[in-house]
Amino acid sequence: MGKKVTVVGAGFYGSTTAQRLAEYDVFETVVITDIIEGRPEGIALDLNQSRPVEGFETRVVGVTTGKGGEGYEAIEGSDVVVITAGLPRKPGMSRMDLLETNARIVRQVAENVAKYAPNAVVIVVSNPLDEMTALAQIATQFPRNRVLGQAGMLDTARFSNFVAEALGVKVGSVRTLTLGSHGDTMVPVPSHSTVDGKPLRDVMPAEQIEELVVRTRNGGAEVVALLKTGSAYYAPSAAAARMARAVATDSGEVMPVCAWVDGEFGISGVYLGVEAEIGREGVRRVVETPLDADEIESLKAAAEAVRAKQADVANM
């Protein structure tokens, strides 16, 4: 114990992430912040009252923050900061439609994180994910290994769930992988996908795999269209919380995340969805997953697509 984690943003995503982190019972304190007065304090009070029922000791602290940085002193000493702040998508919106608005929000948050939690590992979940991760690193000026984004964990979970449902098997028997961007240039990796240890390509026809790849790529939009107000948060928060736990416990788990790539796969100088070993310092190393030639080409195409957009955010 003794660990402290902060979740910035107390919407559905942030509050669910805070709940999961508290229930792990590996942190001494979970701080949740928001600019809506009273909301984070109310969520914290409610979560703390669930402790006797769920049997965890982690204390949740809620703090309202101001545009001038008021309240951010509460995050001091955080080992991990999860940035969920920003607007969610509405039906018909792409992740890129959120770029300018969320860039302003994420920059302001990141600058306050740098000021009050200068040793933290930052996990970004705000959309558009790849661009906001790059912006958070620029705004904090943290070493790149200490700023990473949550995308591949979520996209991989969606892909695995779709495969399990299509085949009528347990989700625990399915292993899939998605790399690339969190969006149109997402790269699901069938060559590293198995069902009960058998290659996915041996148990599912190619056209059905492609259908599930497309559904995975549009996974967030599918949820948004059904909810009509707001976007997904149960699966995304599960993914972000697992990443935060891996950092806090220095687990060394290999996870698909948005990480800085510098030479791996022949790609350099860009935040991209890859597998990485996660520990106390954030990304210990990027894992060069053996990929098929066409998967490598897709990953390089994804890198070029996000590189151009990440250059745009530097001045936002």
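Which residues in α4 meet which residues in α5? In this predicted model, the α4 side of the contact consists of L99, N102, A103, V106, R107, A110, E111 and A114. The α5 side consists of E131, M132, L135, A136, I138, A139 and T140. By class, the residues of this contact divide into 10 nonpolar, 2 polar and 3 charged.

Two packed helices are described by the angle between their axes and the distance between the axes. Helix α4 spans residues 99-116, and helix α5 spans residues 129-140. The two pack at an angle of about 35°. Their axes lie 8 Å apart. The crossing of α4 past α5 is right-handed.

The loop between β5 (121-124) and α5 holds P128. The peptide bond that joins N127 and P128 is cis. Its omega is about -5°. K228 is placed in the loop between α9 and α10.

The largest pocket has a volume of about 920 Å³. It is lined by 43 residues, of which T84, A85, G86, L87 and P88 are the closest to its centre. Five elements are listed as giving two or more residues to this lining: α1 (12-24), β2 (29-34), α4, α6 (152-167) and α9 (219-227). Helix α4 gives the most, with 4 residues. The lining has 19 nonpolar, 18 polar and 6 charged residues.

The second largest pocket has a volume of about 440 Å³. Its lining comprises 22 residues. The closest to the centre are M153, T156, A157, S160 and T176. Two or more residues each come from α6, β7 (174-175), α10 (234-248) and β12 (253-262). Helix α6 also gives two or more residues to the lining of the largest pocket. By class, the lining of the second largest pocket has 12 nonpolar, 6 polar and 4 charged residues.

Strand β7 also takes part in a sheet. Strands of a sheet pair through backbone hydrogen bonds, either parallel or antiparallel. Here 3 strands form an open sheet in the order β7-β10-β11. The pairing is antiparallel. The edge strands are β7 and β11 (198-199), and each pairs on one side only. Strand β10 covers residues 194-195. Its antiparallel pairing with β11 runs over 2 bridges. T194 has P199, in β11, as its bridge partner.

Elsewhere, V61 lies in strand β3, which covers residues 59-64. Apart from residues up to four places away in sequence, V61 touches T29, V30, V31, I32 and A44. Strand β2 is the run 29-34. V61 and G42 are 19 residues apart along the chain. Their C-alpha atoms are separated by 9.6 Å.

Conventions: Residues are numbered from 1 along each chain as its sequence is written. This is a predicted model: local features need pLDDT of at least 70, side-chain atom pairs count only at pLDDT 80 or more; totals for chains, interfaces and linings use all residues. Side-chain values use heavy atoms; hydrogens and water are left out. Axes are lines fitted to C-alpha atoms, for helices over the stretch in contact, and angles run from 0 to 180 degrees between N-to-C directions. A crossing is left-handed if the near helix is turned anticlockwise from the far one by less than a right angle, and right-handed if clockwise. Contact means heavy atoms within 4.5 Å. Ala, Val, Leu, Ile, Met, Phe, Trp, Tyr, Cys and Pro count as nonpolar, Asp, Glu, Lys and Arg as charged, and the others, Gly among them, as polar. On a 1 Å grid over the protein atoms alone, a cavity is a set of points where a 1.4 Å probe fits but cannot get out, and a pocket is an open set with protein on both sides within 12 Å along at least five of seven lines; lining residues have an atom within 4 Å of a point. Grid points are joined across faces, edges and corners, and a volume is the space filled by probe spheres set on the points. Two strands pair if DSSP finds at least two bridges between them.
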